[in-house]
Amino acid sequence: MPVRIRLRNKHYEVRAGMTVRDALRKLEIQPESVIPTREGELITEDEILREGDEIRLVAVISGG
Amino acid sequence: MKCRKCGEKASLNMRQHKLALCKEHFLAWVPEQTERSIQRYRMFSRDDRILVAVSGGKDSLSLWDILWRLGYKADGLYIDLGIDGGHGYSQESRRLSEAFAASRDLHLRVISVEHEAGAAIPEAAALTQRGREKPCSLCGLTKRHLMNRAAQEGGYSVLATGHNLDDEAAALFGNTLGWRVGYLARQGPVLEARPGLARKVKPLCRFYEREMAAYALLRGIAYIYEECPYAEGATTLYYKELLNRLEADRPGAKLSFYLGFLRAREHMTFHEDGKDKLELHPCPRCGQPTSAPGECAYCRTWSKVRLRLGTITGGEA
């Protein structure tokens, strides 16, 4: 079962067992520009993604 | 990753500080650090009346929350820009700002641009040369004018904005690329008052944008998540992205860029002189200081807007 990752209206899938840091690198998402959350809780970049995880990346950059 | 203070599971890792904290300790750390910045840069005291400019976003609402928790006398100012963007941007950010104030029993003053100046920002911008493509320039001009006026009228000793380190580093990056010496001389955590101009402070200037988003999330502050519809393609966002790429490879790069600049500034490396020095005089129409000859940019621009609106609607300008 893949790990689902959502950033605003974009959806991605990665395999379980990798860290958040590796997933962001694979998806070419700047780690400084997002906060990863799982079930509403903030998680750090060393967290290992589990089968069926639903990760929401909160975009943090704003301003014009 | 473990919290450095208690060993529990960390919520956020701040690589530039080599510091990971759990929710409880992060929520305590942010106000402590804000207080340190307020003291370090002599921003204000607990006797001062502070006006916080709130947009409904994570930074300004978090700033107001922190000042309130630290026991400062802080009122809020929300400027309704009348931007819709297909998802009621201003309407929603105003609702969130009002809900925030009500939940903490804080005083929020709301100013509607349409009511004050005669038209909402997008409509007005479409009638001006400078805003035809994008209303950001007119929006910034209008907000600065109204914020200053509200601070003066309300007798506040200081106007506080929610600029974070990413905002400051991006502005610094842009000013350095263009060697805008006058802007560099004036950029800092505190902009001192001048006749007719309120004192301005940025208490969150040492926090990364990511930390402020984490604070809002962990504190449960409901903020406007959608970006301003006109922000897409903004140069500031591009600079922030560039700086974040640098930060990913070199943790602390943004922090040292900004703090190094502040140290250089202390030693007067950048000083206003010659044509970069701002000579101000009162605008004959509104009385606010301006560097332009005659009326200020706000009065000139909005006079044209009202004239054109009058022409379009057939009414009086």
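Mentor: B:Lys9 and A:Glu47 form a salt bridge through their side chains, with N to O at 2.7 Å. A salt bridge here is a side-chain nitrogen of Lys or Arg within 4 Å of a carboxyl oxygen of Asp or Glu. The model is predicted: local features need pLDDT of at least 70, side-chain atom pairs count only at pLDDT 80 or more, and totals for chains, interfaces and linings use all residues. Residues are numbered from 1 along each chain as its sequence is written, chains are lettered from A and ligands numbered from 1 in the order in which they are written, and side-chain values use heavy atoms, with hydrogens and water left out.

Chain A and chain B share two salt bridges. Between them there are also 12 residue pairs in polar contact, both residues at pLDDT 80 or more. On chain A, strands S3 (34–38) and S5 (54–59) each supply at least two residues of the side that touches chain B. S5(A) gives the largest share of that side, four residues. By type, the side of chain A that touches chain B has 11 nonpolar, six polar and six charged residues. For the terms: a polar contact is a pair of N or O atoms within 3.5 Å, where within protein one must be able to donate a hydrogen and the other to accept it, and residues adjacent in sequence count only if both atoms are side-chain atoms. Helices (H or I, at least four residues) and strands (E, at least two) are DSSP runs numbered from the N terminus. Ala, Val, Leu, Ile, Met, Phe, Trp, Tyr, Cys and Pro count as nonpolar, Asp, Glu, Lys and Arg as charged, and the others, Gly among them, as polar.

In total, 23 residues from chain A and 32 residues from chain B take part in the contact, contact being heavy atoms within 4.5 Å. The area buried between the two chains is about 2300 Å², with carbon and sulfur atoms giving 52% of it. Buried area is the accessible area (1.4 Å probe) that two parts lose on being put together, summed over both.

B:Asn244 belongs to this region. B:Asn244 lies in helix H10 of chain B and counts as buried because its relative accessible area is 2%; buried means under 20%, exposed over 50%, and partly exposed in between (1.4 Å probe, protein chains only). Apart from neighbours within four places in sequence, B:Asn244 contacts A:Gln30, A:Glu32, A:Ser33, A:Ile61, B:Asp166 and B:Lys254.

B:Lys254 is among the buried residues of H11(B), with B:Ala253, B:Leu255, B:Tyr258, B:Leu259, B:Phe261 and B:Leu262. Those buried residues pack against helices H7 (165–177), H8 (181–186) and H10 (235–249) of chain B. H11(B), residues 253–266, has 14 residues and at 1.5 Å a residue should span 20 Å, which agrees with the 20 Å between its end C-alpha atoms. The expected span is 1.5 Å times one less than the number of residues.

Salt bridges also occur within each chain; over all chains the structure holds 28. In chain A, the side chains of A:Arg25 and A:Asp22 meet in one, 3.4 Å from N to O. Both lie in helix H1 (residues 20–26) of chain A, three residues apart, so about one helical turn separates them. A:Arg25 is exposed at 56% relative accessible area, whereas A:Asp22 is partly exposed at 34%.

In chain B, B:Asp65 pairs with B:Arg219, their closest N and O atoms 3.7 Å apart. B:Asp65 is buried at 0% relative accessibility, and B:Arg219 is partly exposed at 23%.

B:Glu153 and B:Arg109 form another salt bridge, with closest N and O atoms 3.4 Å apart. B:Glu153 is in helix H6 of chain B and B:Arg109 in strand S5 (residues 108–112) of chain B, 44 residues apart. B:Glu153 is exposed at 51%, while B:Arg109 is partly exposed at 29%.
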